[in-house]
Amino acid sequence: MNPFDFRGPEFLLYYAVLGVVVVAIVWYRRRARGSSGLSSEKLADPYEIACLRGGPKEAVRVATCALLDRGLLRAEETTIVAVRPDAAHLVGKPIERALMKECSKTREVTEVMSAPPVAAAASELEEKLIRRGLLAAPEGRIAALVGMVLMAAVALIKIVIAFGRGRYNVLYLVVFAGVFLVVLWWIAEWRQTLRGLRTLGDFRTLFGGSRAKAYTVGRHAPDLALLTAVFGLAAAWNHTRSGEFRKLFPSSANEKGKVTSYGTNCSTTWSSCGSSFGGSSCSSSGGSSCGGGGCGGGCGGCGGS
């Protein structure tokens, strides 16, 4: 039976079922695929954590601030430069080496962030996270776009047929199509898989809750990179060099640190909550849920929503 010959209520039911199936398939490919099981490798690199939370450019921002804190870069207003031209050999991580090489002479921070070697090093972090099942593969977005085209095409064909038969009561179909298109677009914008969300939630819980204390980050703080990787640059608002961070990255430094967990945006306001760290290397593979109270624990407490 041709579904386009269904009467209005029957076609709406058919369209709703089709939409739910399409959304479920796209959700699986975008969020759940590759998330089963546990990663055998511990996630301990702060730049990988930053990339997982905010993308490749966020990893570059965190690395830049970490190098400034370690005294390997020097900032003046919106420009940065290495303390010595051959300072690249003083660092070990690819993204740090790329930054140091690009900063052999004074340059605007925006130019450095968009430099091909720096962008390539940051993209490698993202690709690694995709392979480990923490970030959604690009194919998931393609599936979402295909789903949007399918739902729009089915609705449009039915509307054309209805108009040809002199029937113009298509408002409900237009509303249904709009809802499914918005939902599919929303899913297409997701970055992390379920495992990635759990990992971010675990880090946030690990460095919040019972460990959250008033914490002032001092110069050359060993945990600055990890702190900003988990919560964003706003987590270092009281760092001794926070003025430099704010001038270099004003939009990031003025935002509240956010961690997306299980589809909920959870934020930690560091004007009243801080974190005391015991080490810069940690792992996360469990299934900590987004709940609980306290200062920064779960989604409750300080800024949880």
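**Close-up views of a predicted model**

**View 1. Strands E2 and E3 side by side.** Strand E2 (residues 79-82) and E3 run antiparallel and are joined by two bridges; strands here are DSSP runs of E, at least two residues, and helices are runs of H or I, at least four, numbered from the N terminus. This is a predicted model, where local features need pLDDT of at least 70, side-chain atom pairs count only at pLDDT 80 or more, and totals for chains, interfaces and linings use all residues. Residues are numbered from 1 along each chain as its sequence is written, and side-chain values use heavy atoms, with hydrogens and water left out. Look for Ile80, which stands opposite Arg107 in E3.

**View 2. The open sheet of three strands.** The order is E1-E2-E3, and the pairing is antiparallel (two strands pair if DSSP finds at least two bridges between them). Strand E1 (73-76) and strand E3 (107-108) are the edge strands, each pairing on one side only. H3 packs on this sheet and touches E1 and E2 (contact means heavy atoms within 4.5 Å).

**View 3. Helix H3 meets helix H4.** Helix H3 (residues 56-69) and helix H4 (residues 94-102) pack with axes 10 Å apart, at an angle of about 70°. Axes are lines fitted to C-alpha atoms, for helices over the stretch in contact, and angles run from 0 to 180 degrees between N-to-C directions. That's why H3 and H4 are roughly perpendicular to each other (65 to 115 degrees). On the H3 side, Ala59, Val60, Ala63, Thr64 and Leu67 make the contact, while H4 brings Ile95, Glu96, Leu99 and Met100.

Conventions
Angles under 35 degrees count as roughly parallel, over 145 as roughly antiparallel, 65 to 115 as roughly perpendicular and the rest as oblique.
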